[in-house]
Amino acid sequence: MKPWIIRSGSVVLSAALLAPAAQAYAEQLLPSAAPVQSGPVSAPAGKPLADAAGKAKLSKEAALNIARQLVPEGLELENVSFRSADIWRTFPEWTFIWVKKDRNQNEITFSYTVSIHADSGELTGYSRYEQHPSKPAYTSRVSYAEAQKVAEQFLARHNPAKAAATRLYVRDLPQPKTPLDAGTSYTFRFVRLVDGVPFPDNGADITVSAAGTVTGYTLSWSDGVRFEKPQRMLSPEEAAALFKQHAKAKLSYVLPWDARGEERNNPILAYQNPFSFYLDAGDGTPLTETLAPLKPEAEKPPASGKRLPPRHTGSPLGQDAAVQLAERTFDLSGYQLRAATYNEKDYNGSRPVWNLEYEAKNATGQSYVFIAMDALNGDVYHFSKNNRLPEPRKAAAKNADADSLKKKAAEAIRSWTPTWADRLYLTESAEPQQPDAERYEVRFQRLVNGIPAATGSASVSFDAATGELLSYNVNVGPETYPAQVPKHRPAEEALAAWQNETEVEAVYALESFPDGATASRVGKAATLPARKAKLVYRAAVTPLDQPYVFDAVSGGWRSLSTGKPIQLHRPAPADLKGHPAEKELMLMYEYEALSLIDGNILPERSITRGEMIQMLMLSLNEGRVLPLAAERKASFRDVASDSRYFAAVEAAVDRGLLDKDSPSLKPDETITREELADMIVRALGYRKLAEHTEMFATKLTDIDQSTHRGAIVIVTTLGIMPPGEGEFRPKGSVSRADAAIAFARFLEKRSELEESRTF
């Protein structure tokens with residue numbers, strides 16, 4: 001197999017090795033990309049490469065000399081490719097790949113990929129791969145500030161021109177948490193500045209490993225952009241006033257992405273960010289994210305003004321009945337039923353659904369029709385035709401009227417999915433559809449008492465020239481809604497809360513591609529479509545490591561990921577400054593394993609079983625404990641699905657940190673020292689070893705009767721939980737401070753042990 005580089009826009013979709021079929025796909029995807037040469041570059045293979053790069057200012061050899069400076073000795077040049085300028089990446093580019101293989105020449109152990117601007121010689125891309133990277137000790141990992149310096153030095157050394165034209169940009173990034181693993185990497189974004197104004201569409205992204213090594217660098221830079229600046233620019237204060245004037249706080253129902261169980265069935269009534277638009281920095285006109293004028297929201301008419309009867313009543317549809325109803329609904333002449341499948345709980349509201357597939361054949365090809373139908377009431381959730389048969393030549397002019405297609409779409413919903421027709425409302429897209437588009441799509445949104453539902457939509461797609469209906473989709477969820485809108489906070493309060501979290505900032509934003517522009521490659525940069533960047537204001541909200549909404553009922557912030565209440569600005573513990581375990585306790589507070597009590601962390605307070613389980617599972621899952629499936633049965637009767645510890649406890653059971661040898665866990669009781677020792681040893685992967693208690697000699701005088709004797713000897717020997725004066729006190733409680741110190745030592749020792757196991 002031969003290595004290839006595939007790029008799409010400014011995103012590298014490269015792979016060291018691709019199958020021949022993937023290589024053929026790459027040639028189709030990027031028809032003007034030069035063939036990649038593998039192994040030592042030979043003269044015959046080099047001719048098409050030279051032809052493709054004939055207009056570049058830098059020859060392959062000149063670019064190679066620049067790229068080689070970033071690669072250590074002892075690696076073989078495996079790949080050379082050339083990319084012409086296109087509308088996604090407006091400069092030509094040489095890319096080189098060096099590799100080092102194992103002793104048998106089977107696997108790549110090291111590789112470096114370096115890309116060079118084929119006109120200016122600037123570094124445009126860099127990545128470093130190591131099959132078995134050496135992790136630093138946990139205590140030796142570089143900090144965020146140290147990694148930032150490494151990134152800044154790399155940019156200044158290898159692309160000084162871009163270093164001078166950019167600045168580190170953190171406005172959109174949350175404050176990074178302290179890593180829980182020595183393998184954590186840091187990513188930095190250096191944004192392009194134009195007359196001191198950020199241009200977020202352009203910049204350099206640099207990744208630094210915990211060892212302080214740059215492992216990735218990508219330059220995204222648009223040449224030939226015309227930056228428009230108004231004669232008079234609004235002040236930030238004027239822009240802030242206009243944002244407040246134009247912003248509309250609107251109610252909507254949302255479902256947390258990771259919610260499970262009952263939380264998944266109960267949407268949250270919320271106000272989402274009302275400041276997700278731009279302002280023209282000159283005249284203050286509200287703009288969409290694509291810089292089109294923001295239109296006032298039009299009234300949304302329903303597909304039906306009244307509740308309609310179902311298409312089928314009585315017993316659930318069997319296969320024959322479903323097929324007969326489908327054939328009465330659609331023109332399926334010439335088609336034969338090819339497959340029929342039945343799902344008891346389809347994604348559409350957990351309803352029973354028939355999926356029918358029809359096929360038509362003739363001498364020149366075949367065509368398929370796909371239908372999804374509710375087995376209880378006959379509602380159609382999906383219809384599409386995959387037509388591969390010869391089609392009549394279409395007229396060049398687009399003659400289908402948009403208004404008539406909207407009426408036709410509503411008629412289809414009333415006819416095919418009548419039980420939802422009065423709850424699906426026509427939605428005008430914020431962005432007009434392209435006039436030369438081959439398809440015209442009409443969309444509908446589900447409303448509950450005039451409020452957008454968390455799920456529920458319909459889309460009907462038509463041939464823009466003939467008006468033929470091409471595809472039909474209705475998607476609904478199983479969640480339930482109150483009969484009346486709950487009592488909630490007024491829009492003014494929500495708007496004020498969101499505004500308190502915004503910071504008005506002037507930026508340049510790149511306008512959309514001109515009509516007719518495509519992503520196909522072009523031979524000359526001069527043929528690239530002209531691009532403009534507009535000076536706009538945006539109101540950036542407080543960044544967090546998870547999206548959030550304003551709860552319309554409680555008036556607080558809630559995570560859109562978990563649905564739990566959150567604090568956007570967590571206060572610092574009032575009693576921690578100068579404490580011997582300040583650093584360790586802050587780590588646990590940072591990951592929300594510990595919560596404040598009257599503003600204090602209370603270092604000497606005994607830590608609970610649930611708090612310690614939460615922190616250990618966070619460390620084993622890269623700082624996050626994923627929610628569980630709704631049908632997951634609780635392992636302990638006192639840690640139900642609504643407990644804050646449920647996900648962590650169940651994950652701990654799955655990982656073997658906890659045994660289900662008792663019906664209750666008592667998560668709010670204090671954990672004993674021997675229990676903590678047992679959990680830590682299990683988290684280290686030494687559970688089986690600890691069971692062989694006869695192997696462990698110790699001078700500890702009070703652990704012979706402990707059921708966790710082996711674990712105690714291991715944690716004391718490793719220095720994670722040192723004893724005092726020859727005693728371990730197995731039944732003793734553990735203070736928050738001691739638990740935090742033990743946890744930090746666990747992280748350090750885990751790092752050392754993982755490194756020793758690698759080799």
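The protein chain averages a pLDDT of 86, and 87% of its residues score at least 70; pLDDT is the predictor's confidence in each residue, from 0 to 100. This is a predicted model, where local features need pLDDT of at least 70, side-chain atom pairs count only at pLDDT 80 or more, and totals for chains, interfaces and linings use all residues. Residues are numbered from 1 along each chain as its sequence is written, and side-chain values use heavy atoms, with hydrogens and water left out.

**Aromatic pairs**
- Searching the whole structure turns up 25 aromatic pairs. Rings of Phe, Tyr and Trp (its six-membered ring) pair if their centres lie within 6.5 Å; planes under 30 degrees apart count as stacked, over 60 as edge-to-face and the rest as tilted.
- Take Tyr144 and Tyr186: their ring centres are 6.0 Å apart and their planes sit at 70°, so this pair is edge-to-face.
- That pair links distant parts of the chain, with Tyr144 in helix α4 (residues 144-158) and Tyr186 in strand β9 (residues 186-194), 42 residues apart. Helices (H or I, at least four residues) and strands (E, at least two) are DSSP runs, numbered from the N terminus.
- Tyr144 is partly exposed at 24% relative accessible area, while Tyr186 is buried at 7%. Buried means under 20% relative accessible area, exposed over 50%, partly exposed in between (1.4 Å probe, protein chains only).
- Then there's Trp498 with Tyr548: centres 5.5 Å apart and planes at 10°, so they are stacked.
- Here too distant parts of the chain are linked: Trp498 belongs to helix α10 (residues 491-500) and Tyr548 to strand β27 (residues 548-551), 50 residues apart.

**Charges over rings**
- Arg141 lies over the face of Tyr138, 3.9 Å from the ring centre. A charge sits over a ring if NZ of Lys or CZ of Arg is within 6 Å of the ring centre and within 35 degrees of the ring normal.
- Likewise, the charged end of Arg570 sits over the ring of Tyr589, at 3.8 Å from its centre.
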